[in-house]
Amino acid sequence: MSYMALYRKWRPQTFDEVVEQEGVVNILRNAVVQNRIAHAYLFSGTRGTGKTTLAKIFARAVNCLHPRGGNPCNECEICRGIMNRQILDVSEIDAASNNGVDNIRTVIDDSAYSSSVARYRVYIIDEVHMLSLAAFNALLKTLEEPPENVIFILATTEPQKLPVTVLSRCQRYEFKRISRDGIVARLKYICGESGIDATDEALGFLAEKADGALRDAISLLDQTSAASEGRITLATARAATGSLDREFLWDFVSGILNSDSEKLLRLSNRIFRDGRDPSTFLKELIEVLRNMMIVTSVKDPSDLIFEDAEGIKQLKNLAKGLRVREIGMLIRELSGLDNNLRWAVSRQIVFEAGILAASDRRWREETASVETRLSELEDRIADIAAGGIVYREKSVNDGLSGSFAEAVVNETAEVDRGESSGNIGKYEEIPENKAEKPSTAPVAAEAANEPAEPKAETAAEAAVGTGPDAVSGGCRKLTAAEWQDICSEMEHRGQMSMLTWYSDSTAQYELSGDRLLIAFDDDMTVSILKKSTAANLKVVNEAIAARFGRKMEQVVAETGEAQKMIDAAKGTSAAFAAPVASVATVATAEPAASAATADSRPAKNEEPALPDERPAETGSERPDDKFDSAVDYFKNLAGKMNFSVDFKKD
């Protein structure tokens with residue numbers, strides 16, 4: 001065979017070439033230099049970390065005629081004979097296929113004879129954990145007191161399967177997994193010597209794919225170089241190793257985060273239709289979530305993940321608005337799904353059901369307890385009240401490669417004002433100081449010192465109490481188009497979290513004194529808006545001012561209290577100076593406006609009620625009424641947060 005695989009061609013031949021096993025290398029090298037050779041060694045560690053390689057180097061070093069600083073010279077007759085397998089004094093035995101007691105008896109009988117050419121007779125037993133119990137028992141005595149010129153080197157990936165009696169007779173050395181940087185450095189060296197052109201991102205991906213096994217990484221490099229024409233890029237490395245395109249993974253994650261069931265079902269169907277292994281896909285999906293946790297927790301994650309700058313930016317956008325705890329629960333949920341797939345009769349059905357359950361945040365008890373889920377719900381409410389970070393998904397029209405490209409174009413709903421982008425599931429940060437839309441005509445006219453013609457839909461600029469929906473006494477109900485304009489302005493300014501609450505408003509009224517009364521059926525919404533931060537209210541007030549052409553003071557109230565204000569406004573304009581006590585006034589950006597409102601006080605003998613105050617419990621009120629009220633409160637809250645909560649009385 002003229003061609004030799006890269007991992008065989010570039011197997012280390014001296015201690016100096018071994019990658020990242022300095023602890024073991026230094027001990028073995030010093031043992032050769034000081035002539036302190038033990039009779040039995042145990043090399044344990046994961047695959048591809050250099051156990052068999054170091055055993056062969058050590059076997060040559062102890063027998064070399066001209067060692068150099070503990071390294072074998074690889075030029076003398078003994079070294080060349082061992083490397084060419086022409087000297088039988090060094091034997092490599094595969095315990096997986098020679099695991100019987102008769103095979104071990106042959107080794108014991110041969111070890112009784114002195115070496116023929118070399119100084120030591122060395123037995124390298126690979127995968128020693130595969131030996132039967134009888135074979136281990138037969139080897140014990142010889143392993144404890146072998147002939148003077150015999151060395152046993154046992155190699156295994158599962159040392160826990162070896163009897164304690166064997167472990168106690170050997171010097172044990174643990175081989176650690178090779179780091180990503182160590183693998184990349186070795187791959188770069190091999191590429192330079194072999195004339196292979198590869199990008200750093202591609203080598204980083206191969207190193208990550210190898211999972212700490214250098215041999216696996218070199219094999220993947222060999223496979224990728226054969227599949228690519230010319231330069232090896234990240235895309236060609238993913239395609240050659242059978243991995244999904246990262247844009248597809250990002251799109252899938254965005255579907256989970258946005259609870260987009262239709263997109264998830266279509267993408268899942270594409271996975272099975274193209275013959276992808278769902279377990280392998282889940283592993284890659286969990287890797288993306290793990291990277292999202294890292295970019296959320298670490299300021300500079302470039303040394304912990306293999307993504308390029310664009311990939312790190314995308315991961316940060318995906319993770320906006322998420323806590324590490326929620327990402328961790330998603331990882332545990334998907335890990336449980338992977339375990340269920342092993343025993344599933346119909347893997348596609350189980351996969352789709354598990355993905356949809358994860359996207360709906362319907363955590364299993366083993367994934368998240370009731371206390372954890374309630375804590376997550378409280379944190380989400382706090383985020384909304386504090387104006388948490390919002391992310392929006394752009395539309396999709398290209399960006400997928402391979403067989404997935406044709407099916408994704410029409411599968412993603414456009415969320416962001418009908419714009420399109422060339423990337424899959426990309427998110428954009430929406431800062432609070434985002435550039436505003438052009439103002440309405442009155443604002444522009446004021447800036448240019450020119451009069452503007454009033455528009456039919458901007459009746460708010462007319463005198464209070466005019467217009468088709470005007471109410472006598474200085475109160476005018478806003479039209480649906482006017483309120484929709486205000487909501488659209490909020491969305492444009494990135495206030496999606498606040499818009500979620502304002503969209504529940506049942507009616508809106510323009511009051512005298514540049515005030516906007518916003519009515520809600522739900523007292524919880526009124527309470528939430530009262531506790532909103534000044535930054536959120538500032539942007540909302542700016543959205544309202546952009547629609548009316550002047551600053552307006554927000555007044556939020558329940559429907560009943562709002563009606564009282566309207567009735568008072570109909571009766572006399574002086575009623576505006578004494579708002580209803582339980583109505584919540586939301587601060588505007590102008591302190592002066594708030595101060596003016598603060599001057600209004602209730603009647604002298606009238607005791608104002610707190611905004612969240614409820615009628616005192618009377619003797620006729622049943623305990624069940626309080627429980628049902630609390631259930632309605634939390635059901636409404638859970639519905640807004642897409643969170644499932646079960647209620648039952650003790």
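Guide: Contact means heavy atoms within 4.5 Å. This is a predicted model. By that cut-off, residues 24 or more positions apart account for 75% of the contacts in the chain that have a separation of 6 or more.

Visitor: How many helices and strands does the chain have?
Guide: The chain has 27 helices and 15 strands. Of its 650 residues, 46% are buried. The accessible surface is about 32,100 Å². Carbon and sulfur atoms hold 50% of that surface.

Visitor: Why is asparagine 291 called buried?
Guide: Buried means under 20% relative accessible area. Asparagine 291 has 3%, so it is buried. Its place is in helix α14, residues 278-297.

Visitor: What does asparagine 291 touch, leaving aside its neighbours within four places in sequence?
Guide: Asparagine 291 is in contact with Ile305 and Leu315.

Visitor: Why is α5 called roughly parallel to α6?
Guide: Two packed helices are described by the angle between their axes and the distance between the axes. For helix α5 (residues 101-111) and helix α6 (residues 133-144), the axes cross at roughly 15° and come within 8 Å. Angles under 35 degrees count as roughly parallel. Therefore α5 is roughly parallel to α6. The crossing of α5 past α6 is right-handed.

Visitor: Which residues make the contact of α5 with α6?
Guide: From α5 come Val101, Ile104, Ile108 and Ser111. From α6 come Ala134, Ala135, Ala138, Leu139 and Thr142. By class, seven are nonpolar, two are polar and none is charged.

Visitor: What makes α2 and α3 roughly parallel?
Guide: Helix α2 and helix α3 (residues 51-63) pack at an angle of about 15°. Their axes are 10 Å apart. The cut-off for roughly parallel is under 35 degrees. So α2 is roughly parallel to α3. Here too, the crossing is a right-handed one, α2 passing α3.

Visitor: Which residues meet there, and what are their classes?
Guide: Val24, Val25, Leu28 and Val32 of α2 meet Leu54, Phe58, Ala61 and Val62 of α3. The contact of α2 with α3 has eight nonpolar residues, no polar ones and no charged ones.

Visitor: Where is asparagine 35?
Guide: Asparagine 35 sits in the loop between α2 (22-33) and β1 (40-45). Its phi is near 55°, a positive value in a residue other than glycine.

Visitor: Why is asparagine 35 called partly exposed?
Guide: Partly exposed lies between two cut-offs: buried is under 20% and exposed is over 50%. Asparagine 35 has a relative accessible area of 45%, so it is partly exposed.

Visitor: What is the phi of serine 259?
Guide: The phi of serine 259 is near 55°. That is positive, and serine 259 is a residue other than glycine. Serine 259 belongs to the loop between α12 (246-257) and α13 (261-273).

Visitor: What makes serine 259 partly exposed?
Guide: Buried requires under 20%. Serine 259 has a relative accessible area of 21%, so it is partly exposed.

Visitor: Why is glutamate 158 called partly exposed?
Guide: The relative accessible area of glutamate 158 is 24%, so it counts as partly exposed. The residue lies in the loop between β4 (150-156) and α7 (164-167).

Visitor: How many residues separate glutamate 158 from threonine 46 in sequence?
Guide: Glutamate 158 and threonine 46 are 112 residues apart in sequence. In space, they are 8.2 Å apart, C-alpha to C-alpha.

Technical notes. Residues are numbered from 1 along each chain as its sequence is written. This is a predicted model: local features need pLDDT of at least 70, side-chain atom pairs count only at pLDDT 80 or more; totals for chains, interfaces and linings use all residues. Side-chain values use heavy atoms; hydrogens and water are left out. Axes are lines fitted to C-alpha atoms, for helices over the stretch in contact, and angles run from 0 to 180 degrees between N-to-C directions. Helices (H or I, at least four residues) and strands (E, at least two) are DSSP runs, numbered from the N terminus. Angles under 35 degrees count as roughly parallel, over 145 as roughly antiparallel, 65 to 115 as roughly perpendicular and the rest as oblique. A crossing is left-handed if the near helix is turned anticlockwise from the far one by less than a right angle, and right-handed if clockwise. Ala, Val, Leu, Ile, Met, Phe, Trp, Tyr, Cys and Pro count as nonpolar, Asp, Glu, Lys and Arg as charged, and the others, Gly among them, as polar. Buried means under 20% relative accessible area, exposed over 50%, partly exposed in between (1.4 Å probe, protein chains only). Accessible areas come from the Shrake-Rupley method with a 1.4 Å probe; for residues, only the protein chains shown count as cover.
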